[in-house]
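Try each one before you read its solution.

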Amino acid sequence: MAKRIERQDIRLKPDAEKIQVYEEIHRRYKAGERVEMKEHRSGFPAVTVDCGDIHILTDILSVEAWWQKKQETEGSEAQIKSRRR
């Protein structure tokens with residue numbers, strides 16, 4: 001029988017706390033760690049995210065908002081770097 005993973009529920013945490021968790025997961029992903037995201041059995045918009053020893057229950061809407069902002073920020077940083085060359 002599979003061991004049940006205990007997840008930290010961050011759905012009601014302030015956005016700033018969620019962002020810290022998402023950033024750490026992203027850092028680990030870029031370092032080569034595997035990230036798994038699945039729809040939670042409670043249904044949309046709840047998702048589970050597992051990365052190493054990080055196991056969370058969160059909402060996909062805040063993940064998508066964080067990702068969009070990150071892409072916009074990284075795009076702006078890339079434009080600034082290319083202008084400096």
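Accessible areas here come from the Shrake-Rupley method with a 1.4 Å probe. Keep in mind that this is a predicted model.

**Exercise 1.** Work out how much accessible surface the chain has and what share belongs to carbon and sulfur atoms.

Solution. The total comes to about 6700 Å². Carbon and sulfur atoms hold 51% of that surface. As for the interior, 28% of the 85 residues are buried.

**Exercise 2.** Find the aromatic pairs and classify their geometry.

Solution. A search of the whole structure turns up two pairs. Take Tyr 22 and Trp 66 to begin with: their ring centres sit 5.7 Å apart and their planes make 55 degrees, so this pair is tilted. Tyr 22 belongs to helix H1 (residues 15-30) and Trp 66 to helix H2 (residues 60-84), so the pair links parts of the chain 44 residues apart. Next come Trp 66 and Trp 67, with centres 5.7 Å apart and planes at 50 degrees, so that pair is tilted too. Put together, Tyr 22, Trp 66 and Trp 67 make one aromatic cluster.

**Exercise 3.** Decide whether Trp 66 and Trp 67 are buried or partly exposed.

Solution. The cut-off for buried is under 20% relative accessible area. Trp 66 has 11%, so Trp 66 is buried. Trp 67 has 39%, so Trp 67 counts as partly exposed. Tyr 22 is buried as well.

How values were computed
Residues numbered from 1 in each chain as written. Predicted model: local features only at pLDDT ≥ 70, side-chain atom pairs only at ≥ 80, totals over all residues. Heavy atoms only, no water. Buried < 20%, exposed > 50% of the residue type's maximum accessible area, 1.4 Å probe, protein only. Phe/Tyr/Trp six-rings, centres within 6.5 Å; stacked < 30°, edge-to-face > 60°. Helix = DSSP H or I, 4+ residues; strand = E, 2+ residues; numbered from the N terminus.
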